[in-house]
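Thanks for coming, everyone. Let me walk you through one model and its pockets, then its sheet.

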Amino acid sequence: MQLGSTVTLTYKGTLDDGEVFGFATEENPMRFQTGMDMAIDGFEKAILEMNEVGERKTFTVDEHEAYGEYLEGHVAKIPVEQIPVGNIKVGRRIMLGSDEGVPAPATVIEVNNGMVTFDLNHPLAGKALTFEVELLEVEDAPEDFVSMAEKAAHMKEQSKLLGGDPGEDYR
């Protein structure tokens with residue numbers, strides 16, 4: 001398999017304690033093109049090491065190649081009257097708007113004295129993830145495939161040429 005291949009697969013994802021956090025079945029498989037930032041890094045790397053339809057593999061992705069480490073200070077406190085949805089309770093996930101207007105998912109971790117405290121970490125941050133995978137289908141990469149990483153590097157170079165961020169090694 002090569003970067004740019006499109007894969008269809010089944011998987012079961014579990015945490016260290018055996019709790020299932022996600023799955024895809026033959027009836028409802030996961031399908032994505034590698035190299036397009038459509039899967040977490042560690043998952044994609046392990047999939048790219050597979051080659052044959054029907055191949056099965058179990059692997060663990062550490063927190064750094066999954067959703068990152070859990071950041072204790074990654075919380076926000078907002079007055080309850082400023083929250084655009086009702087029924088605010090501990091454990092509920094809602095979308096908050098950032099200062100830039102970008103929606104960000106957050107989990108309610110406390111409601112106290114008219115203030116709501118949100119955890120802005122991904123729910124799987126700080127956790128190792130184990131996957132049991134079976135490849136169902138592999139489509140070859142297009143001849144002219146360019147990965148997201150290659151596109152980002154190209155855009156950075158173009159920005160430099162057009163007077164944007166020169167970076168450390170501009171010339």
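First, the pocket criterion. On a 1 Å grid over the protein atoms alone, a pocket is an open set of points with protein on both sides within 12 Å along at least five of seven lines, whereas a cavity is a set where a 1.4 Å probe fits but cannot get out; lining residues have an atom within 4 Å of a point. Volumes are the space filled by probe spheres set on the points, with grid points joined across faces, edges and corners.

Now the ground rules. This is a predicted model, with local features needing pLDDT of at least 70 and side-chain atom pairs counting only at pLDDT 80 or more, while totals for chains, interfaces and linings use all residues. Residues are numbered from 1 along each chain as its sequence is written, and side-chain values use heavy atoms, with hydrogens and water left out.

Start with the second largest pocket. Its space is about 160 Å³. The lining is Leu3, Gly35, Asp37, Ala39, Asp41, Glu44, Lys45, Leu48, Ser147, Met148 and Ala149. Helix 1 (41-48) and helix 2 (148-161) each give two or more residues to that lining. Helices here are DSSP runs of H or I with at least four residues, strands are runs of E with at least two, and both are numbered from the N terminus. The largest share, 4 residues, comes from helix 1. By class, we get 5 nonpolar, 2 polar and 4 charged residues. Nonpolar covers Ala, Val, Leu, Ile, Met, Phe, Trp, Tyr, Cys and Pro; charged covers Asp, Glu, Lys and Arg; the others, Gly among them, are polar.

How many charged residues line the largest pocket? None: that lining has 10 nonpolar and 1 polar. The volume is about 190 Å³. Lining residues include Tyr11, Phe21, Met30, Phe43, Tyr67 and Phe131. Strand 2 (20-24) and strand 9 (129-139) are the elements giving two or more residues there.

Next, the loop between strand 9 and helix 2. Asp144 lies in it. Asp144 is exposed, at 64% relative accessible area. Our cut-offs are under 20% for buried, over 50% for exposed, and partly exposed in between, with a 1.4 Å probe and protein chains only. Asp144 and Gly4 are 140 residues apart along the chain, yet their C-alpha atoms are separated by 9.4 Å.

Pairing requires at least two DSSP bridges between two strands.

Walk across it. Strand 5 joins strand 8 through 5 bridges, and Pro79 stands opposite Met115. Strand 8 (residues 115-119) has 4 of its 5 residues buried, so the rest of the structure largely encloses it. Strand 7 and strand 8 share 5 bridges, with Val111 partnering Val116. Their hairpin has 2 residues between the strands, and Asn113 there takes a positive phi near 50°.

Last, strand 6. It is joined to strand 7 (residues 103-112) by 5 bridges. Arg93 has Thr107 as its bridge partner, and Ile94 stands opposite Ala106. In a regular strand, side chains alternate between the two faces of the sheet. Strand 6 has a covered face of Ile94 and Leu96, and an uncovered one of Arg93, Met95 and Gly97.
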